[in-house]
Amino acid sequence: MTRSRERSRPAALWTAVLGLALGTAPLAAATTAHADTVPATAHAPAAPAHAAPRLERLSTAADGTQLDGASGGGALSADGRHAAFVTRAPALGCDQYSPCLKVEDLTTGALTGIDLGSGHLYGSPLLSADGSRVAFTATRRFAAPYLYDRATGTATRLWPQNPPGSNELGAVHALSPDGTRVAYTLGNRHGTQHARLLYVRSTTTGTDELISGPEEGWKGAASVTDDGSRVAYQIGGHSEGPDDTADIFLKEPATGTRTQLDTGLGTAELLRLTGDGRRVLFTAQGGLYVHTVRTGTTERVAEGRARSVTADGRYAALSDAAGLRLLDLRTGRGETVGPADAQAAPGAVAAGGRAVVFGSEAADLVPDDTNGVADVFLWTAGRGRP
């Protein structure tokens, strides 16, 4: 049965177009800019003039009514047909101490669960482009990375044979767009050793390749191309202070070539490596940067802290005091999609900028939101439902 959901009132609430101050004019380059920084990919069909974006609550019961527990960690498949989120709602068989990981078919409304057994806590999921695979971190006694295959209904724990040193913890960091490669870390509870090793698992061969060892420090993020030929990763973590606490590197495993991409920009946070391996997107100095691998140039393309970027590197979700906005990095056009407290995870934006999923505690986004807890919302562009 198709699920019905509360939709927002007509578009005026969350469809403000960004002004020049939010990036409608080209921004100056931090270093040398290049024309192919953002690809000229095809647009989704243009919306009729009267079409307006829609906002609806994604985390609902089967009949479309609001849930009786908090939900968050939303993610979308690139094709916009599937979503996943974590919920503590008793109405869905979950509770405060036993959260559930749910995957929803946005065409039929069918809601299925990924269940590793009682006592597990689930982190924000990542979906492959077609929604057939879901990568996530789950914790019972210790955290571990997993990959779930929706076709077979099986979840595989990702762990290499005989990893060096002491390792008891693991976490998923990225899933390639085609779902064939997963970047994950291993480590232990001692100091900053919780992400001491970075691996990439190939689901085709079942092999695990060590990308970065403990000598480089702990890994704050990672991203991998479909073919595994390039891996981008972050060493260190975010800091609000003046010190440079995190750097971005690009590695080609076949040759061992490793290049730092954020030299001179202070603390940097990795967003993603595009699926074709041509660009790396990261945040630094309060803005979004794009590094073009072919030219070795880096350009500042937007202001604000980016949260999620599409696999082709064209659309980004950025947050600031005004709210969560979706920006087309090629044209500079953007619009607000969520309130100031909106939380967008790395896999929040569908291809073509057709949809964005986010979490929020705001009670005025859809009618009759009275549950008093955080929900997951789906913003769909005026081009029509993904």
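Is Arg325 buried or exposed, and what is its relative accessible area? Arg325 is buried, with a relative accessible area of 3%. The views below set this residue and several others in a predicted model.

**View 1. Arg325 pairs with Asp320 in a salt bridge.** The N-to-O distance is 2.6 Å. The two partners fall into separate accessibility classes: Arg325 is buried, while Asp320 is partly exposed at 30% relative accessibility. Elsewhere, salt bridges with shared partners link Arg57, Asp369 and Asp375 into one network.

**View 2. The whole protein has 28 strands and 0 helices.** It holds 386 residues, and 54% of them count as buried. Take the contacts between residues at least 6 apart in sequence: 47% of these join residues at least 24 apart. The accessible surface comes to about 16200 Å². Carbon and sulfur atoms account for 51% of that surface. The whole structure contains 13 salt bridges.

**View 3. Strand β16 spans residues 231–236 and is buried along its run.** Of its 6 residues, 6 are buried, so the rest of the structure largely encloses this strand. β16 pairs with β15 (residues 219–224) in the antiparallel sense, through 5 bridges. It also runs antiparallel to β17 (residues 246–252), with 6 bridges between them. Ala222 stands opposite Tyr233 of β16. Gly236 has Ala246 of β17 as its bridge partner.

**View 4. A hairpin connects β15 and β16.** There are 6 residues between the two strands. Within this hairpin, Gly228 takes a positive phi near 75 degrees. The loop between β15 and β16 also carries Arg230.

**View 5. Arg230 and Glu252 form a salt bridge.** Their closest N and O atoms are 3.3 Å apart. Arg230 sits in the loop between β15 and β16, and Glu252 in strand β17, so this pair ties together parts that are 22 residues apart in sequence. Glu252 is partly exposed, at 25% relative accessibility. For orientation, β17 is the strand that is joined to β16 by 6 bridges.

**View 6. Four strands make an open sheet in the order β11-β12-β13-β14.** The pairing is antiparallel. β11 (169–175) and β14 (208–212) stand at the edges with a single partner strand each, so one side of each has no neighbour in the sheet. From one strand to the next, the twist averages 30 degrees.

View 7. β13 covers residues 197–202. The two strands pair in the antiparallel sense over 4 bridges. Where does Val200 find its opposite residue in β14? Val200 stands opposite Glu209.

**View 8. Arg278 and Asp276 meet through their side chains in a salt bridge.** The N-to-O distance is 3.9 Å. Arg278 is exposed, with a relative accessible area of 53%. Asp276 is partly exposed, at 43% relative accessibility.

Methods. Residues are numbered from 1 along each chain as its sequence is written. This is a predicted model: local features need pLDDT of at least 70, side-chain atom pairs count only at pLDDT 80 or more; totals for chains, interfaces and linings use all residues. Side-chain values use heavy atoms; hydrogens and water are left out. Buried means under 20% relative accessible area, exposed over 50%, partly exposed in between (1.4 Å probe, protein chains only). Two strands pair if DSSP finds at least two bridges between them. Axes are lines fitted to C-alpha atoms, for helices over the stretch in contact, and angles run from 0 to 180 degrees between N-to-C directions. Contact means heavy atoms within 4.5 Å. Accessible areas come from the Shrake-Rupley method with a 1.4 Å probe; for residues, only the protein chains shown count as cover. A salt bridge is a side-chain nitrogen of Lys or Arg within 4 Å of a carboxyl oxygen of Asp or Glu.
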